[in-house]
Every structure is written in C-alpha cells, then in structure tokens.
Amino acid sequence: MVRSTSEWAKRPSGRFILPAVIAVLLLGAAGTAGAYLVPQALESAPTPSATPNFGLDGGGSGAPLPNASGLPSLPGVSSAATAPGGLPTAPPVGVAGGRPADVLAGWAQQTGTRVGIPVVAVQAYGYAELVVGRTAPSCHLSWTTVAAIAKVESAHGSANGAVLGVDGTVAPAIFGLPLDGKGGRQLIRDTDQGVLDKDAQYDRAMGPLQFIPQTWNEISVGNAVDADNNGVSDPNDIDDAALAAAVYLCRGGRDLSRADAWWDAILSYNAVRPYAQKVFDAANEYGQRSRV
C-alpha cells in the first residue's frame, strides 16, 4: 500500500574498547556464537548501499525490452523525447481498439516463462517501463522493480482469490482491509466517498498494486493514466496500475539507477523496512532469472 515517505530507520550500534587479550577471547568465542549472531544480522534493516543486481552481468535491468511502437502519449507530457532501448523517436500513438501492451507479447511470453509471472502481467510491467522511459528518461526504472512490488502486494493480481484476466483486469476486485487504525493499520478515513474502494467510512488499498484512493486519484486520474487505452483509469487493471506505480516511483525527478533513490522510492511506496527488503529480493531474482 502506498504511504507517505518516511525516514530510513537505522539501528544504533555500540562501540566497545577492549584490551587486546579480551578481544582475542571474544574472537575465539565467535565461532560458537555464530548461530546467534547470524540471525540477528539478518533481521537488521537493509542499508541503501545497493540497487537490485538486475541481471547476471551485475548491471542494467532485467531481460531487455524489444523495440516497440504504438506507445500512447500521456496528456500534458511531452512524448518527443528519445528513450534508451531503441524506442521510436516519432510521437507515439495509441492502438485503436487494442491493448497497447500487446506489442510486447513475444518478449513477455519468453520472459514470463523464465521468471514465473503471468504473461499479461509481464506485458504490463514492461509497458510501464517503456512509457516512463519516454516521459521520464532520467528515471531509469526497470520493469523488474514494478514486478517485484506487484509480487509483494498481490502476487501479481491473485490475492484474495482474484484471477488476472487476459485483458489485464483482476476479478473479483482486490481490496485491502479498512484503514481503521486497528491491527497495526493506519487510520485513513474515506477520501473518495467509497467510489473507488467501495467503503464510505475508511479508505482501503485497491488492486494488484494496492493504491489507496487518494494516491490513485493524484497519480492516475489526475494524469489520465490509461495504459490499456480503454478510456478508464482502473486500479484493478494491471496495465493501469503498473503504469501508475511507475509514474509514482519516478516522480520528484528520481534516478532509480542510484541506490539511495531506489530505496527512497520503495520506502515511499510502503515505509516498512521488511517490505522494502522483500521488494529488493524479488526484483533481484526477476532480473537474474529473466536473463538465464
């Protein structure tokens, strides 16, 4: 669930000055204490010193996207810029009556098989990378980051018994628990009169990328995010949700090739350290497996 950015929390560590003899004894005992020291280290917060190792070569993104045409232009955003990866330099046009992400069908079929993600979802993540590559080329967002968030948030649109359709919609719609301040949840009273999340008392996270209504309206409706070209910004459509997530991660001029910016983007999405680590691990895995 998207929440406001919070400061990265770091566990303080003590410093001890020991005589040389005691230090030697402690080092000797470390071997037997290892079973206790290692789990404690694994529970510590991830440090913003690295971005996911996208690919076996130690850099770049996951499986590279193919050259593609038919990218839609976003209202109010220039589409004339050239993006990395051989994207078309001519102004993109929508695919009348069709799903623009279908241009990635061949690539998504191969990549989805490698990483174990439904093809329709891989198309959505790849297409989101292509679009922000045109509209925010300095962001350097990889589809693997969007895929990792979707995995952690909803298992690619399959949470709560939902099924991801061939057109990218999830059914039944995915709604999180009411944000009523109970059970460790935030308290967020209704902001959309229940129009989007079907709850007129409290807000709920929605869809495969788990946006709350206020953020969805800010990112998607306000910017007319309509990745599937059907005239509707739908948080329960993985095309729209993936593109909205990409726009959200890239806002503020972030450059996600920088470690601090990548971690900041993920923590702005959900300011929980174990959550950010899960996204890191999933993105890293997808990047590596997609290149095998």
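Is Asp102 buried, partly exposed or exposed? Asp102 counts as partly exposed, because its relative accessibility is 44%, where buried means under 20% relative accessible area, exposed means over 50%, and partly exposed lies in between (1.4 Å probe, protein chains only). Before we go on, please keep in mind that this is a predicted model, in which local features need pLDDT of at least 70 and side-chain atom pairs count only at pLDDT 80 or more, while totals for chains, interfaces and linings use all residues. Residues are numbered from 1 along each chain as its sequence is written, and side-chain values use heavy atoms, with hydrogens and water left out.

Let us stay with Asp102 for a moment. Asp102 forms a salt bridge with Arg99, and their closest N and O atoms are 3.2 Å apart; a salt bridge here is a side-chain nitrogen of Lys or Arg within 4 Å of a carboxyl oxygen of Asp or Glu. Arg99 is buried, at a relative accessible area of 10%.

If you search the whole structure, you will find 9 salt bridges. One of them pairs Arg185 with Asp180, with 3.0 Å between the closest N and O atoms. Here Arg185 is partly exposed, its relative accessible area being 26%, whereas Asp180 is buried at 15% relative accessibility. Another joins Arg204 to Asp199, whose closest N and O atoms are 2.9 Å apart. Arg204 is partly exposed, with 23% relative accessible area, and Asp199 is buried, at 11% relative accessibility.

Now turn to helix 2, which spans residues 105–115. Helices (H or I, at least four residues) and strands (E, at least two) are DSSP runs, numbered from the N terminus. Which residues of helix 2 are buried? They are Trp107, Ala108, Thr111, Gly112 and Val115. Looking down the axis of helix 2, you would see these buried residues fall within an arc of 120°, so they line one face of the helix; the arc is that of the directions from the helix axis to the C-beta atoms. An α-helix has 3.6 residues a turn, so residues three or four places apart point the same way. On the other side of helix 2, Gln110 and Thr113 are exposed.

What do the buried residues of helix 2 pack against? Their partners are helix 3, helix 4 and helix 8 (273–290). Thr111 is buried, with a relative accessible area of 1%. Setting aside neighbours within four places in sequence, Thr111 is in contact (heavy atoms within 4.5 Å) with Ala63, Val122, Trp143 and Ser290. After helix 2 comes Gly116, which has a positive phi, near 75°.

Our last stop is a covalent link. A disulfide is a covalent bond between the sulfur atoms of two cysteines. The search of the whole structure finds 1 disulfide, defined as a pair of cysteine sulfur atoms within 2.5 Å. Cys139 and Cys250 are the partners, with an S to S distance of 2.0 Å. The pair links distant parts of the chain, 111 residues apart: Cys139 lies in the loop between helix 3 (119–135) and helix 4 (143–154), and Cys250 lies in helix 6 (residues 238–250). The link of Cys139 and Cys250 is left-handed, with -80° about the S-S bond. Cys139 is buried at 1% relative accessibility, and Cys250 is buried with a relative accessible area of 7%.
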